[in-house]
Amino acid sequence: MTKSKKLRKNNVENNVEAMEQGWAIMEEGIAKLKNILEELESQFSSEEYMRLYTTMFNLAGRNNIDDDYICQQLYNNYKESVQAYIMSTVNPSLRDKHDEFMLRELVRRWSDHKVMVKWLSRFLSYLDRYFVVRKKVESVKDLGFSCFRDMAYGEVKHKAKDAVIALINKEREGGQIDRALLKNVLDVFVEMGKGEIEFYTDDFEDAMLKDTAHYYSRKASQWIFQDSCPDYMLKVEECLKTEKNRVSHYLHSSSETKLLEQVENELLVVYANQLLEKETGCRALLRDDKVDELSRMYRLFHNIPKGLEEVAKIFKEHVHSEGLMAIQMIEDATCNKTEKAGGARGEHALMTTFIELHNKYSAYTTGCFCNNAVLHKALKQAFESFCNQVVCGTSNADHLASYCDYILKKGGSEKISDEAIDESMDKIVKLLAYISDKDLFAEFSRKKLSRRLLFDRNVNDDHERLFLTKLKQQCGGQFTSKMEGMVTDLALAKENQNQFHEYLINNNAAIPGMDLTVNVLTTGFWPTYKTCDLRLPAEMVKCVQVFKEHYEAKTKHRKLTWIYSLGTCSINGKFDSKTIELVVGTYQGAVLLLFNDAQRLSYSDIKTQLNFEDDDLMRVLHSLSCSKYKILKKDPDSKFVSPNDYFEFNSKFTDKMRRIRIPLPVVDDRKKVIQDVDNDRRYSIDAALVRIMKGRKILGHQQLILECVEMLSNMFKPDVKVIKKRIEDLLARDYLERDAENPNLYKYVA
Amino acid sequence: MSGSSSKKDAPNSKRPFNSGAMDRFLAAAHKKLSSEAERIDQLFYSYAITPPWVIQPQGIDTLCSDLGIHHTDVRILMLAWKMQAEKQGYFTLDEWRRALTALRADTIIKLKAALPELEREVRRSSNRANFYSYAFKYNLTEEKQKFIDTETVCALLNLVLRSEFLPQVDALIHYLKIQTDYRVINMDQWMGFYRFCNEINFPELDNYDSDQAWPLIVDDFVDWIRSHRG
């Protein structure tokens, strides 16, 4: 043997010996540790601690990294000791206990084990520093934990899980349990994962969730039949609250979402439709305005997938039927009476009812339904579904325009406050959003605006402009540009009038012969009015002449067209008893003036002299001879004017007032308005189609229709058939062509 | 123009076989073909008997009776198609030549014999749509005319589509006669009818989708059929 070999042999022998000696000391230490845990002995003294630590340290120092004999031995011995400890002490104690007692034992044993391992790893810390790293094995501590996990925990985990679940269910049924114990037990599960949650989830949570599902499934199947919808919902809320509470007290926080999901699933998802469709369900709650219950319903159904779809559907149906009911009621009450006055009130009743409905159900969507988009959409669809029906023979666009007119007239005569007007306008604009024929509304509004501006004495400029601003915000500038022009025209008219007065003052030759006010309207803005070639009485002719000279001097390149049908005049009627001032339309004035020169005139006389059309003349004569104020006597004295009648000035006429208005009834031109709007729509559709095709160059049929509808949606809802016709027209006019291969494809022809 | 004459001449003039026979054959063939062209022209002038030297309506009538067909027979329309005749009721020399050369018909007998083949050619799928649209254009007698009155259209449908799509044509003609919305038909609508007959199951109409780009008149026609089915 060489010297080195001999040395080595000695060393090896020495090492084995040293190992045996050192470990013996360690075993003593371990035994003491066990006793400490069993509370049979008190803590290590400092000397004991130092002795153990130093022995291990020295041993480890002798370790030769070539064979790692010492460290390997130490490591193995340690492992065996721990395992022996578990086998001999821990497992038996766990085995013979059950339920709560077993759980307590588990908690205690784990805690003890942690202490033991902590101490031992301190003693063996040298191993961690070098050996463990070099050999890439578990650290001393981890090894200790693994032994527990595999041998003790592994054996008892099923029992433990079952015991915990049993306790949870006991608590659910109202029993008292030791929450702290459960928290500790579940902490054991969690700690087994050393940072990962998988032991907790695999060995406990999964089973707990399944069990929870079963539990609530049973409960739900009872409750759904026994309980009313509100009661059931209360129970659900309660259960969710309790389970959440449970998590915060002893379950791991990661369980919360999964647990609540299980509960919601069993209580709500499975029975959602049944619950909503109960007699005491969603419809009943809406019917009875049970706001609290509806809020609860929202809260509960909000969290489950597609939960609100069914609720939204019922809500939509409910609002829809409320709308239809309102319409029916009003139709029955007012439209079946033929009174026009009653009809007018009825219109406003319709709009005010709609507004009330909208207020009510908007409050629901913002309140109970927390502004949820799905419910908002349901509300919108419901309103759209009944706001576009024809009521009392005319569309809601018309009704709404009448309502606006009514509000603005009232505002003009200051019967309602500014705030009330503002509020009403907001409501009107909101309702307008649901009406698809917005262009029809615009046209009716324009006509009514025109009458207000020209005939109403109490037009409030501010209100009118405010209303147009609100409309513009909602529908865009194109919608309101004409009406704004009209309002501006009237504002300018005053200025123009001043200029005219100045002209008259400065120009002696210009004598109209009477007080004359002329409103000059810009053609494009105002509705078109039928002009007639009225042969004015001489007195009026002079007026027109004078103004014409003034105007032509003022501006060039403008053509004036006189619309006498819109004018008013004041005439003094020198009756026998007294003179009464008559405020009449220009047409009526023209007829009356004829009687200055003739006592008795026939229908045809009047017609020829003034060059009236029959329908106009009949209306005029009717208003003067057959209505409330009989300024003219008609022969024969029948109710209606006929072309064979004769008329005389009724000198016997009198009235207690000194000034009376004799209005000319407005011709109902609704049909014409609708016709005009229809025509405009054709042009709009054409323009939209061309614009789209110009941009896209080539587009499929359905896509073209979709985009066209989209483009026009904020003015009206075009009929698909009409669009198709316009496309065909454009094809015929060579704006578009069909693709040769695919007849469903259109190409723009430049 | 009249048939091709130069056959494949070898680049060098040395011919391996009896070139003389070849030449004679070629000359004879050429002469035959030239004669054919001449005969075609001759035939033309037998119907175009006055200035301005085109076959006019009376000439066409005579032609029809010589061919043994009625002047409203679809085959005269097919002949016009073969000629790509531009003006209804008139055949020019070029048009005449175009058709008869293609048909290899230089006598009236041969022309008559060529008619069945012509029919088959028209009915071939590659030509059918072309013939159909030609039928419409052929009836646009005025310059810049874009539509044909419904009654003429009915007759035209009968002529052109009856043999293939009898039930559809009957239904369509019935509909066109009783409806009042459309007094005239344009090319797009005309082609719509053709597509309808070809693509849509009749009388089930189960594969008709009014959301597609069918002309409105076809949509209305389908609605009418469906409402009358009861």
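Guide: Two strands are said to pair if DSSP finds at least two bridges between them, and strands themselves are DSSP runs of E, at least two residues long, numbered from the N terminus. With that in hand, and bearing in mind that this is a predicted model, we can begin with strand S11 of chain A, residues 745-748, to which strand S10, residues 736-738 of chain A, is joined by 3 bridges in an antiparallel arrangement. Within this pairing, Arg738(A) has Tyr746(A) of S11(A) as its bridge partner, and the two strands form a hairpin, with 6 residues lying between S10(A) and S11(A). S11(A) also pairs with strand S9, residues 698-700 of chain A, again in the antiparallel sense and over 3 bridges; here the bridge partner of Ile698(A) is Lys747(A) in S11(A).

Another group of strands in chain A is an open sheet of 3 strands, ordered S3-S4-S8, in which the pairing is mixed. Strand S3 (568-574) and strand S8 (659-662) of chain A stand at its edges, and each has a single partner strand, so one side of each is left without a neighbour in the sheet. From one strand to the next, the twist of this sheet averages 25 degrees. Strand S4, residues 579-585 of chain A, pairs with S8(A) in the parallel sense through 4 bridges, and one residue pair to look for there is Glu581(A) with its bridge partner Arg659(A) in S8(A).

The C-alpha trace of chain A spans about 160 × 65 × 60 Å along its principal axes. Of the 750 residues of chain A, 45% count as buried, while the accessible surface of the chain comes to about 39,600 Å², with 50% of that area belonging to carbon and sulfur atoms. Finally, if one takes the contacts in chain A between residues at least 6 apart in sequence, 70% of them join residues at least 24 apart.

Notes
Residues are numbered from 1 along each chain as its sequence is written. Chains are lettered from A and ligands numbered from 1 in the order in which they are written. This is a predicted model: local features need pLDDT of at least 70, side-chain atom pairs count only at pLDDT 80 or more; totals for chains, interfaces and linings use all residues. Side-chain values use heavy atoms; hydrogens and water are left out. Axes are lines fitted to C-alpha atoms, for helices over the stretch in contact, and angles run from 0 to 180 degrees between N-to-C directions. Buried means under 20% relative accessible area, exposed over 50%, partly exposed in between (1.4 Å probe, protein chains only). Contact means heavy atoms within 4.5 Å. Accessible areas come from the Shrake-Rupley method with a 1.4 Å probe; for residues, only the protein chains shown count as cover.
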